Amino acid sequence: MRPHTGAPLSRRQFLTLSAAGAAAGAAAGAASGTAALSGCALQVSSGVSGPGETVTLMVKPDDISPELIRQAQKDIGIKIVTVRYDLTKLIGMMTNGNPPDLVRGVGAVDAPYFAARDVAEELDPYFATSGILRLDDLDPVNDLWRYDGRTQGRGPRYGMAKDFSQDSMYWYNTTLFDKAGVDYPPEAEPVTYEEWLDSAERLTRRSNGQTIVFGGSYNGVLTPNLLASLTASAGGSLFSDDFSRVDFTTPEARKALSWYIDYVRARVGPSIIQPDPNAWDGPTYQANRLAMSNSGYWLGGLINADKKLAPVSRLAPAPIFEGGRRISPCQAGTGLWMPRKAQNKDAAWRVFEWFFGEAPARARASSGWGIPTLKSLRSLMPAQEEYQRRVLKVQNAELKHFSAIAFTPYATADSLYTLFNQIAPAAMRGHMSVDTLAGRLNSAMNEQLKRGKEQVG
């Protein structure tokens with residue numbers, strides 16, 4: 001089954017991707033164990049690939065372990081070879097006509113980018129005949145991997161998320177709340193972003209000019225899609241209708257930007273001007289030095305493994321802006337996509353089915369590292385302990401507020417992140433007004449988006 005044979009990468013596509021690779025290479029600090037397997041019945045693949053084939057995955061080391069690679073050989077008879085994810089290397093491999101068979105990607109920001117450049121394979125024909133990845137079983141988060149040529153969330157499927165979180169939700173440590181005399185957030189209704197920041201200020205502890213407890217971390221997956229989500233929560237859109245421009249001066253986008261700058265200026269949590277020495281929230285939260293972390297359900301994988309931390313940790317709904325709307329987006333949706341010029345598509349699809357719908361997917365679901373992206377696997381989410389059931393109740397209630405926030409196809413999130421990090425520190429330190437920052441971000445980012453739109457055509 002070969003829905004597309006894969007035309008050669010055109011010069012326009014190469015130049016477009018090369019420009020993105022250079023921008024992404026300049027980005028600094030871009031964000032980003034297998035549990036016992038369940039006894040779920042194994043469904044049957046419709047793939048026609050046979051044993052003894054080799055599939056190349058371009059992934060990061062944590063995406064698939066050596067143990068899983070050996071398990072794939074045993075389970076489906078296919079050898080997996082991995083190449084470390086690198087956008088510049090990916091561009092070179094695609095240009096030379098020898099791309100990986102599957103590539104890791106962040107659905108929330110990567111799907112429209114690669115689909116618009118016509119280098120990603122449409123996977124609808126594969127899904128249509130799969131007995132493992134059934135369309136009626138796909139969680140709506142997988143719509144982040146759809147793109148109709150104009151808007152993310154509609155049209156053909158180009159990939160799938162391996163797991164997900166509603167990344168504006170946040171964990172909190174009840175012990176630190178008790179020490180500070182701060183009331184716990186309600187579990188059924190969201191606090192406002194203003195209330196969240198007020199609590200973070202009260203929870204922060206400093207000694208001799210050093211922060212010893214961060215009151216809260218609220219940086220999202222990457223700043224551009226965090227700000228897109230915050231703007232949507234305020235009732236607007238960061239991007240124009242055709243996604244060719246940003247506008248930080250609209251009332252909603254300015255409200256989002258102003259709140260984030262207030263968060264940074266308050267120094268209640270990590271930021272680019274006050275970096276966390278651990279580089280991410282997990283170790284800091286585990287060390288009882290972070291009272292709140294907007295890492296979403298995904299951080300539960302780490303929390304569940306710490307038997308002292310787990311009982312005092314709770315999950316809260318995504319905040320809202322006063323007068324805004326209640327949404328709870330996913331800012332990542334990391335998974336895999338298939339290059340259009342991949343040479344071994346049928347075997348790659350069989351790996352795809354196995355990774356997203358069979359043993360690895362069941363193991364991820366039972367570990368707590370993210371919500372499974374197949375609805376049929378939800379029953380495997382950790383619920384043995386009372387505190388796990390409490391978390392699960394909050395998370396399940398939040399699912400009905402999920403929203404897919406469409407991202408621009410004309411620039412990588414990393415390239416916009418780089419521009420933000422170059423321009424915003426002056427405002428974060430109080431040396432530039434939010435209005436001036438909004439104008440400068442518009443100028444720099446819109447120039448980048450203009451070049452991207454010209455390249456895509």
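In this predicted model, Gln-395 touches Gln-166, Met-169, Tyr-297, Leu-315 and Ile-371, when residues up to four places away in sequence are not counted. Gln-395 belongs to helix H14, which covers residues 386–398, and it counts as buried because its relative accessibility is 0%, where the cut-off for burial is under 20%. The side chain of Gln-395 is joined to that of Gln-166 by a polar contact of 2.7 Å. Gln-395 can also be compared with Ser-165, from which it is separated by 230 residues in sequence, although the two C-alpha atoms are 9.3 Å apart in space.

With a relative accessibility of 4%, Ser-415 counts as buried, and its side chain makes a polar contact of 3.2 Å with the side chain of Gln-448. Gln-448 is itself one of the buried residues of helix H17, among which are also Val-434, Leu-437, Ala-438, Leu-441, Met-445, Leu-449, Gly-452 and Val-456. In an α-helix there are 3.6 residues a turn, so residues three or four places apart point the same way. Helix H17, made up of the 23 residues 434–456, reaches 32 Å from its first C-alpha to its last, which is close to the 33 Å expected at 1.5 Å a residue. Just after H17, Gly-457 adopts a positive phi of about 85°.

The largest nonpolar core contains 111 residues, and those with the most contacts inside this core are Trp-196, Leu-257 and Trp-259. Helix H9 (residues 251–266) supplies the largest share of this core, namely eight residues. Leaving aside neighbours within four places in sequence, Trp-259 is in contact with Tyr-193, Glu-194, Trp-196, Leu-197, Tyr-218, Leu-230 and Phe-321. Another core, of 33 residues, lies apart from the largest one and includes Ile-76, Leu-123, Met-160 and Val-351.

Technical notes:
Residues are numbered from 1 along each chain as its sequence is written. This is a predicted model: local features need pLDDT of at least 70, side-chain atom pairs count only at pLDDT 80 or more; totals for chains, interfaces and linings use all residues. Side-chain values use heavy atoms; hydrogens and water are left out. Helices (H or I, at least four residues) and strands (E, at least two) are DSSP runs, numbered from the N terminus. Buried means under 20% relative accessible area, exposed over 50%, partly exposed in between (1.4 Å probe, protein chains only). Contact means heavy atoms within 4.5 Å. A polar contact is a pair of N or O atoms within 3.5 Å; within protein, one must be able to donate a hydrogen and the other to accept it, and residues adjacent in sequence count only if both atoms are side-chain atoms. The expected span of a helix is 1.5 Å times one less than its number of residues. A nonpolar core is a set of buried Ala, Val, Leu, Ile, Met, Phe, Trp, Tyr and Cys residues joined through side-chain atoms within 4.5 Å.
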